[in-house]
Structure formats: C-alpha cells, structure tokens
Amino acid sequence: MKSGGLPALVTGLVLVFLYLPIFFLVLNSFNASRYSTAWEGWSFQWYAALFQARNRDVWESLRLSLAIGIAASLLSMVLGTLSALALHHYRSRLQQAHFTLVYLPIVMPEILMGISLLVFFVSLGFTLGLFTITLAHITFCISYVALAVLARLQDFDDSLLDAARDLGAGPWQTARRVVFPLLAPGILAGGLLAFTLSIDDFVITFFVTGPGATTLPLRIYGMIKHSKELPIINALSTLLLTLTFAAVWWSGRIIRRHSFTPIR
Amino acid sequence: MSESRPPPVTCRPWRSHSEWALTAAPFLWLIVLFAAPTAVVVFMSLREAAPSGGLGDAWSLRAWRDLAHPIYPVILWRTLRLSLIATALCLALALPVAFLAGRAAPRLRSILILLIVVPFWTNFLIRVFAWRVLLQPEGMLRRALLSFGWIEESTLLMYNEWTVLLVMVYTYLPFAILPLYAAAERFDYGLLDAARDLGASAAGAFCRVFLPGISRGLLAALAMVLIPALGSYVIPDLVGGPGQEMLGNKIAQRTFVDRNLPHAAALATLLIAVAMLPVAAAFLFARPARPAAEEGGTS
C-alpha cells in the first residue's frame with residue numbers, strides 16, 4: 001500500500017484525541033476524590049448519590065427530557081417522512097424551496113434558531129415552557145428525519161411499485177403494504193436520531209424554556225456553571241454515554257438488518 | 001412549457017393526490033417555525049426595548065446604534081478568526097481519516113465509522129464538560145505537567161484562546177469527517193494508482209485527483225463546521241474567560257443578563273448576515289444537486 005503511513009498515523013491520533021476526555025470523564029466517575037484532582041481509589045459513591053433524595057431534581061429533568069424527546073421524535077417522524085416522499089417524487093420550484101427549508105436548519109447555528117424562536121414566541125405572546133420547547137425541537141428534528149428517509153428512498157427500487165400495480169394493488173394499498181414496510185427502517189433510524197438530538201439539545205432549549213421547564217441538559221449546565229456536585233455530573237454523563245452507545249449500536253443494527261440487497 | 005415535461009418516475013402510488021398533499025404539512029411547519037422566526041428576529045431588532053425585558057411597541061434604531069460600541073468589532077473579528085482556524089484544523093485532521101476510511105476493508109471501515117459516530121451522537125454539553133474535568137486548574141493533567149516542570153505555576157490550561165480553539169476542533173471534528181468520508185467512499189481509488197503510474201507523486205495525486213474528486217464532500221464539511229462554529233456559545237462560555245467571548249456569548253448576555261431583546265436581535269441579524277448569507281447565496285445561484293438527484297456527478 002502506497003502512502004498509507006500518514007493517514008493511518010493521523011487517524012490514530014484523531015481517535016485518541018476523540019476519546020481522551022471521554023476516558024477521563026468515565027474514569028473520574030469512579031474516583032473517590034471529590035474534586036477529581038487525583039486518583040483516590042475506586043468508588044461508586046457518585047452513582048449512589050444520584051439516587052439520593054437531594055438529587056431528585058435530576059430525575060425530574062430526565063423525565064421531562066424523555067417526554068419532550070418522545071413527542072418531538074414521533075411528530076418529526078410523520079412530518080419528516082412526508083417531506084422526504086415529496087422531495088423524492090416531485091421535481092418543481094416548490095420542492096426546490098422545500099429542500100432549502102429542510103436543509104437550512106441543519107447548518108443554521110443553534111443560537112440563531114434559539115434567539116429567533118424566542119423573539120418569535122415573545123412577539124406572539126406565547127407562555128414559554130414545555131410547549132414552546134416541544135415546538136422548537138420538532139422544528140429542528142424534521143430535517144434530520146427527512147434526510148434519513150430521503151437516503152433510504154434513493155435505494156428504493158421503483159419497479160416494485162410497477163409490480164404492485166400490475167398485481168392489482170391500488171395506490172393506498174401500495175403505500176401501506178409496499179412502500180411503508182420498506183421505508184420503516186429509515187423512518188425509525190431518523191426517529192432515533194431525532195430523539196437523541198432532542199434529549200441532547202441545550203442551546204435552543206435554553207432560549208425557549210420558561211419557569212419550571214428544566215430539561216436534563218439545562219440541569220447539567222446549571223450544575224456545571226455553579227460548580228455544584230461536579231462528580232455527580234461525571235456519573236450522570238457516564239450513564240448518558242452508555243445510553244448513546246446503545247442507541248448508536250441499535251440504530252446501526254436496524255439499518256444493517258433491513259438494508260436492501262444491492263441491485264445497482 | 002415546463003408543465004409539459006413528463007415526470008421522471010413512471011409510477012407513483014401518490015399520483016392521484018396532488019403534490020401539495022404530501023408537501024403541505026412539513027413545508028408550512030418550516031415556514032411558520034423556521035422561516036418566519038428568522039424574518040421576525042430581523043424586524044424585532046428595530047423595536048424599542050421594553051423595560052420589563054420584552055419587546056416595546058415603538059420602532060427605533062437604538063439597537064443598531066448600540067452596535068457601534070467599540071467592543072463589537074473586537075468580538076466579530078475574534079469570532080471570524082477562531083471559527084476559520086478551527087475549520088481549517090478540522091478539515092486538515094478529517095481529510096486523512098476520510099481518505100483512510102474510504103478505502104479500508106469493510107470490517108475496519110465500519111469499526112472506524114462507529115468510533116467516529118459515537119462522539120458525534122454524544123451530548124455536546126458532556127463533551128465540553130469532559131474537557132473542563134481534564135483541564136481544570138486542580139486537575140490531573142495540569143498537576144502532571146507541573147510536576148514534570150513542563151508548565152509554570154502561573155499557567156492555566158483553561159480560560160485562554162488556545163483552549164477554546166482546542167475544544168471547538170474537538171466538538172466539530174466529526175461534522176467534518178462524516179461528509180468527507182461519505183464522499184471518499186464513492187471515490188474511485190483506482191484513479192490514484194493511475195495518477196501514480198503517470199508519474200504523479202503521492203502528494204500530487206492526493207491534491208490533484210483525490211481532493212477534486214471529493215469536492216462536494218469538502219464543501220459540505222466546510223459548511224457543517226464553519227457555520228455552527230460562527231455561532232459558538234457554549235464552548236467560550238464554559239472553557240473560555242471574558243477575553244474569549246464570541247458573538248454567540250453576546251447574544252446570550254443581551255438576552256438573559258440585560259434582557260434587551262432588540263439588541264440581541266440586532267446581534268443575531270449580524271450573525272445571520274455573516275453565517276447564513278453565503279449558504280443562501282450558494283443555494284440560489286449554484287443550485288447544488290439535491291441528494292435525490294445526485295447520480296455520480298463530479299461537478
């Protein structure tokens with residue numbers, strides 16, 4: 001292999017770089033030291049502390065985040081799938097504008113979306129809180145679901161539709177029994193991505209939240225800012241990392257298990 | 001004229017429905033909750049600030065006049081400089097990774113991509129916090145460096161521009177690797193061998209065959225890193241000091257500390273101009289191929 005040395009070296013360094021801070025974080029979540037300054041032996045006390053009564057707020061926030069994440073991912077799965085079908089099947093000026101609208105939220109800096117939605121909600125006189133957070137989350141999730149389903153549609157064999165029609169299926173029957181089952185893994189993977197994005201979002205949520213609606217990232221940010229319970233954040237982060245690993249692995253399995261046989 | 005063009009797909013179950021039936025719901029949602037707010041924020045920068053922290057009823061240029069404050073050119077320059085350097089570093093690190101992953105054996109490739117996707121999916125706040133744990137003044141790393149005598153007692157690993165840059169590169173790196181990898185995966189590596197056979201050096205083949213071949217991925221990576229970087233807020237907030245504030249920090253301060261929404265809106269308009277106009281222009285004039293229409297085009 002020619003010229004293989006340098007890319008391999010850089011890749012190795014990049015992987016070390018990506019995992020070094022995460023490794024330290026996980027390590028410190030088992031560190032008995034309160035300030036993570038030196039290694040003082042193994043301890044599970046920070047995980048235990050998570051379950052103590054004084055940290056009930058954390059679980060309250062987790063519940064709120066999960067509720068918003070489920071609502072946002074379900075609705076964005078519906079809207080994103082419709083969007084992808086329209087973008088795939090029609091070529092028109094409308095779809096050109098539609099695609100721009102779907103694509104821009106992905107590259108738009110989060111803080112811009114946050115401040116625009118805040119100003120928008122305030123000028124409409126909305127009460128900030130659970131409802132405005134959910135609206136905001138659906139908005140940025142639609143694009144990701146749409147692109148995930150669109151990628152799936154690219155591999156879609158359109159002759160299956162002809163086959164279904166030749167066999168006497170009507171449009172609705174074709175949609176329900178042919179198109180939907182084939183698209184389901186794409187929709188599910190998009191929904192899972194939307195769910196993670198919603199659970200993780202800090203910046204946009206920070207802008208459109210109101211009194212009482214403290215999602216998990218907002219809670220963690222508050223704890224970091226006030227340097228309160230830092231080792232507990234280590235433990236909480238490690239739990240969330242484990243969840244992320246599981247989600248990535250699971251969505252990878254969904255996509256692989258149901259991938260189309262390569263016809264191209 | 002254009003109406004008479006036959007549709008490219010021969011049979012669609014939705015043919016009997018109008019295009020609007022599919023498009024209406026997501027399109028209107030994005031118009032109301034994405035396009036309209038972006039327009040509203042521009043208009044609201046022309047309002048008077050309400051003493052209570054909301055928007056006043058009168059129109060005023062006050063917020064825009066306030067942008068003449070001498071701190072803003074400094075902030076704007078810092079925002080541009082840090083974002084551009086971080087983007088350049090991300091691309092420089094991501095290219096070799098994408099080059100390697102693009103031609104790796106399937107098994108190695110999927111492991112490599114999994115390893116890169118996991119940090120990409122990991123909570124952004126946690127990734128920044130992880131650096132705080134590592135670099136904090138009493139942390140293990142600084143103590144180790146001190147005991148080796150590699151840094152001075154007065155040197156802090158946080159609250160300086162280098163750390164902000166480091167963490168920016170760290171958080172945005174997967175956003176550069178993934179689009180580059182997607183392009184490299186479709187690149188025909190045989191072309192590199194051909195270039196070498198014709199006498200090109202390894203570096204020459206990389207620059208003159210590989211880079212043009214993945215130009216679309218390069219553009220996507222550029223947009224995916226540079227634009228979010230320009231809007232950075234959490235990173236300077238958590239690992240930088242007052243001397244590392246970027247445009248995003250000022251927007252948040254005007255919103256939450258001064259509770260002056262029109263001023264925050266004026267700053268947001270400035271950020272839209274800097275970050276979003278190039279993309280919008282690219283969309284309008286360059287007509288990038290949509291993923292659905294993309295079939296091996298190299299332009």
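## Helices that cross

In this predicted model, helix α1 (residues 5-29) of chain A and helix α3 (residues 71-103) of chain B have axes that come within 8 Å and cross at roughly 115°. Helices here are DSSP runs of H or I with at least four residues, strands are E runs of at least two, and both are numbered from the N terminus. Axes are lines fitted to C-alpha atoms, for helices over the stretch in contact, with angles from 0 to 180 degrees between N-to-C directions. α1(A) and α3(B) are therefore roughly perpendicular to each other; angles of 65 to 115 degrees count as roughly perpendicular, under 35 as roughly parallel, over 145 as roughly antiparallel and the rest as oblique.

On the α1(A) side, the contact is made by A:L6, A:P7, A:A8, A:V10, A:T11 and A:V14, and on the α3(B) side by B:L93, B:P96, B:V97, B:F99 and B:L100. Two residues are in contact if their C-beta atoms, placed from the backbone, lie within 7 Å.

Within chain A, the axes of helix α3 (residues 56-89) and helix α8 (residues 171-200) also come within 8 Å, crossing at roughly 140°. α3(A) and α8(A) are therefore oblique to each other. Among the residues that meet are A:G69, A:A72 and A:S76 of α3(A) and A:G190, A:G191 and A:A194 of α8(A).

Here are the two contacts by class, where Ala, Val, Leu, Ile, Met, Phe, Trp, Tyr, Cys and Pro are nonpolar, Asp, Glu, Lys and Arg charged, and the others, Gly among them, polar.

| α3(A) with α8(A) | 7 residues | 9 residues | no residues |

## Where the chains meet

The contact takes 85 residues from chain A and 81 from chain B. Helix α1 (residues 19-44) of chain B gives the most to its side, with 17 residues.

## The core

The largest nonpolar core has 153 residues, and A:I115, B:A176 and B:L180 have the most contacts inside it. Such a core joins buried Ala, Val, Leu, Ile, Met, Phe, Trp, Tyr and Cys residues through C-beta atoms within 7 Å; buried means 20 or more other C-beta atoms within 10 Å of a residue's own.

## Reading the model

Residues are numbered from 1 along each chain as its sequence is written, and chains are lettered from A in the order in which they are written. Because the model is predicted, local features need pLDDT of at least 70 and side-chain atom pairs 80 or more, while totals for chains, interfaces and linings use all residues.

Conventions. Buried ≥ 20, exposed ≤ 12 C-beta atoms within 10 Å, placed from the backbone.
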